[in-house]
Amino acid sequence: MHADSRGLDDPFEATGIGAEDAGDEVVGPDVVGPEETGGPDDEESGGKESDAPQVDELEGRVVADGDDSRGAVRRRVPRGGEEPMRPQVKLYLEGRYRKLVRDLPQTVFFCPECKGHPRRRRKCERCEGFGKLTRDSVQELVAWVAGGFYKTRKQKFHGAGREDVDVRMLGEGRPFVLELVNPKVLDVDLAEVEAEINRRNAGRLEVRGLHHADKSRVRFLKETPHKKEYGVLVELEQPVDDERLAALVGPRRTIVQQTPARVAHRRADKARERWIEITSVERRADLVLHVVMRTEHGTYVKEAVNGEGGATRPSLAELLGVPCRCAELDVLEILDFDAPSTLAGPREEAFGAGL
Ligand SMILES: [Zn+2]
C-alpha cells in the first residue's frame, strides 16, 4: 500500500471544480479507467481529477464525463458500429459513509503504472494485470450493491473530500454522492440498498442516510470547505512532561505549511496558512499520545504533527520540543462549513447534518 504517496490529508486547492470533471467512472467490478490513480488522492482536494474521458470497456467507446446534453457528449462509436447519440440518464444517491478500517481507499485505486488501462494492464508487473492496487474501495463496495438494485454497472463516486487509504472515517461519516448512469430499474427501496451494503461490509464500511439527490449536490459537496476533527495517535521520540502536554490544549494556532514532499508532484510548491486547535491530549503510554485536534479545511495533518523538518511551523513536534510522528489518524467528524455566514455564530453541527 502506498498511502503516504497518495497524500491524504491534503488541502483543497482547486476552487473551480466542475461537477462534470469529478468522480471516477468505473464499469462493474472489473475496473477500467485511464486516470492517474482514480482521482484526487487527497483529503479535501475537491480538485478535478482528469480531463481524460473514461473508457467504457463493455461498450468499447469513450464516454464524455457526465453531460446529459447531446452537444457536449463526446463518444467514440465502436469500430464498424453506428450508434445513435442518446442522452444518458443519471440518478444521484446521496449519503454518508463511515470507514472503519485502514486498508480501504475512497475510490478505485488504479495501478499507477498501467492506470488500469484495459490493454496496458495485461502486461503490467506492478499490478499483475489486475489494474488496481487494492481489491476494493468505498466506491466499489457501495456501487456494486446499488448498481445491482438499479441494474447498471456504470457509476461515478463523488466524496466531500477524501481521507487517506490508511485513515479511518468515523463520527457521522463523510457525505458522498453516487452517480448511477443509465439505470434500468428505478423503483428501488433505498433502505434495502443501505441495509445490504452494511450487511455485506460489516466491520469495514457503513453507509447511512441514503436518499435521492439532485445533481447540484455533487458540486456542493466538492466545493464546500469544512473544518474537521481528527484523532491522532502520536509517537514521541523522547518523553514530554505533563505541563508541556497541558499547554498544547486550547488556543487556535496559525501554522504555515510548505507543500509537503508527498504531494509535491501534483501541488504547487507554496506556503499555506491554516489554523489548528488542539482540544485534548491524552497520554496512552510513555511515548504515545492521543491528540484530538480541529483543523481548517485543507490542513496537512500528518505534517502538522511531525513538522516535516521545518516545512510546517509550528508543528506539534516543535510545540512539544521533541520529534514525533503521526502513527494513526482518524477523521472524527467533518464539521460545519467555513462559509462566511457561519462565522457570526459558531455552529458545530456535522457537515451535512439534517440532509
Ligand atoms: Zn498495473
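Predicted model: local features only at pLDDT ≥ 70, side-chain atom pairs only at ≥ 80, totals over all residues.
View 1. In β6, P175 is the bridge partner of R96. As a general point for reading such a view, side chains in a regular strand alternate between the two faces of the sheet.

**View 2. Helix α2 and the elements that its buried residues pack against.** Helix α2 spans residues 138-150, and from its first C-alpha to its last it reaches 18 Å, close to the 18 Å expected for its 13 residues at 1.5 Å a residue. Among the buried residues of this helix are V138, V142, V145, A146 and Y150, and the buried residues of α2 pack against β4, β5 (154-159), β6, α3 (190-200) and β7. The helix is followed by K151, which has a positive phi near 55°.

**View 3. The largest nonpolar core, together with a second, separate one.** The largest nonpolar core contains 51 residues, and A146, L178, V232 and V305 are those with the most contacts inside it. At least three residues of this core come from each of domain 1 (3-223) and domain 2 (226-342).

**View 4. The surroundings of V232.** When neighbours within four places in sequence are left aside, V232 is in contact with V291, M293, V301, V305, C326 and L329.

Methods. Residues numbered from 1 in each chain as written. Pairing = 2+ DSSP bridges. Helix = DSSP H or I, 4+ residues; strand = E, 2+ residues; numbered from the N terminus. Core = buried A, V, L, I, M, F, W, Y, C linked by C-beta atoms within 7 Å. Buried ≥ 20, exposed ≤ 12 C-beta atoms within 10 Å, placed from the backbone. Domains from an automatic or database assignment. Contact = placed C-beta atoms within 7 Å. Expected span 1.5 Å × (residues − 1).
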